There are 2 protein chains.
Amino acid sequence: MTEQNEQNTRDRILAAAKEAFLDKGFSGATVRDICRRAEANVAAVNYYFGDKNGVYLAVLDEIFSESFSNHPMQQGTANNSLEQQLENYVRVFLERIFHENDDQDRDDRECRLIAQAITTPSPVLDMLVERYISPMSERLRSIISRLLGLSEDHSDVWLCAKSVAGQCMHYLYGQAVMHSLDPKEIEDQNINTIVNHIVRFSLAGVQQRREEIRS
Amino acid sequence: MTEQNEQNTRDRILAAAKEAFLDKGFSGATVRDICRRAEANVAAVNYYFGDKNGVYLAVLDEIFSESFSNHPMQQGTANNSLEQQLENYVRVFLERIFHENDDQDRDDRECRLIAQAITTPSPVLDMLVERYISPMSERLRSIISRLLGLSEDHSDVWLCAKSVAGQCMHYLYGQAVMHSLDPKEIEDQNINTIVNHIVRFSLAGVQQRREEIRS
């Protein structure tokens, strides 16, 4: 095969796998399904990705890397206050969650794939944590540790970081419930309002903790 | 069939379905799988549950109702301050999430089933919202609306309620990521510390919002 053909086969398998996992979930989709959709054979899947886990990681890696390159985290500059850095952090986090393709159904299914991968302990999750989630966690703990005047590994820094991340992630996991609870409320949802709310709510929570530490 | 036999068949299908969904997820498990595990026929599944959706709802209903009856929400009494009511709310929420069976693997798989059902819009989700999630949401918004002096449907009440619920739910969804980020940090996790943190963090956030409203 020429190099071009090889790239085509790999891309075709990846696109087919994404559809298979979107349709049937990780456990429901089989390598056989993926081969059928890609018009490829099992040997090709094994050659490019090793096994079903390998294809799954490649699919999730593509979703994450696209989202992270479309919405890059601004690194703190000397001019930005810690409050501004936290706002930038929360804004980019929510932009990644609310990233809008033209295809809403596809977005929803990608969100579900990510939710499935994140809630399940697996070697795939460990890779996603290492490449994407751990740098985000470190950035957030760096901002909070400076707001609190504690080291990045202090348990209070972890607790506050989880409070901020949990508020953001709720808009990834909780969308379907929010919609079922009150469809109207969701329609009125505006990313600026949500960012502003989470930042002010969280800064007050962190400030409260700082006062307790100092007293 | 006697009434006892009928109950046995229904229970056997339900137990088998729970295992099938735990193993393969909703999309991966088939009615055929469930029948094989239960030693029952498709007609029996249809008779008791209608279809795969019906069995799925019955399985989730069982997990939720067991968790809710083991950890009931204390209703506010005249003696309890709003702060105490919020603490009770957060504590029960986390007890339901951290509910510990003897079988840790089973707990993890039940968490994943719930995560899957919650992130996916479906008639099953609508039923779970109506029976379990909506009463919880109303209770939380009732506490926050009185803390803020706003109606329960005010958008600021919704935003603060999402901030509290998101912090709690993070310990359901984010457990695997937290473990991958720092296993030691998770081992030190104590439900009292987490409840205390979320309540104080959230009361400061709500207080901040109240001051902004009044100024």
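**Entry 1: the two copies.** I laid chain B on chain A of this predicted model, and a turn of 180 degrees with a shift of 0.0 Å along the axis did it, with an RMSD of 0.0 Å. That is how a two-fold axis relates copies. I then looked for the C-alpha of chain B nearest the axis: Gly28(B) has it, 1.9 Å away.

**Entry 2: where they meet.** I asked which surface the copies use to meet. Of the interface residues of chain B, 100% are also interface residues in chain A, so both copies meet through the same surface.

**Entry 3: helix H3 of chain A.** I picked the helix of residues 42-49 and listed its buried residues: Ala44(A), Val45(A), Tyr48(A) and Phe49(A). Looking down the axis of H3(A), I found them within an arc of 100 degrees, so they line one face of the helix. A handy reminder for me: an α-helix has 3.6 residues a turn, so residues three or four places apart point the same way. On the face turned away from the buried side I noted the exposed residues Ala43(A) and Tyr47(A). Just after H3(A) comes Gly50(A), with a positive phi of about 85 degrees.

**Entry 4: H4 and H6 of chain A.** I followed H4(A) (residues 52-70) to where its axis comes within 11 Å of that of H6(A) (residues 104-119), and they cross at roughly 120 degrees. That makes H4(A) oblique to H6(A), and the crossing is left-handed. Among the residues that meet there, I wrote down Tyr56(A), Leu60(A) and Phe64(A) from H4(A), and Leu113(A), Ile114(A) and Ala117(A) from H6(A).

Definitions and conventions. Residues numbered from 1 in each chain as written. Chains lettered and ligands numbered in written order. Predicted model: local features only at pLDDT ≥ 70, side-chain atom pairs only at ≥ 80, totals over all residues. Heavy atoms only, no water. Buried < 20%, exposed > 50% of the residue type's maximum accessible area, 1.4 Å probe, protein only. Helix = DSSP H or I, 4+ residues; strand = E, 2+ residues; numbered from the N terminus. Arc of directions from axis to C-beta. Least-squares fit on C-alpha atoms with pLDDT ≥ 70 in both. Contact = heavy atoms within 4.5 Å. Axes fitted to C-alpha atoms, helices over the stretch in contact; angles between N-to-C directions. Parallel < 35°, antiparallel > 145°, perpendicular 65-115°, else oblique. Left-handed = near helix turned anticlockwise from the far one by under 90°.
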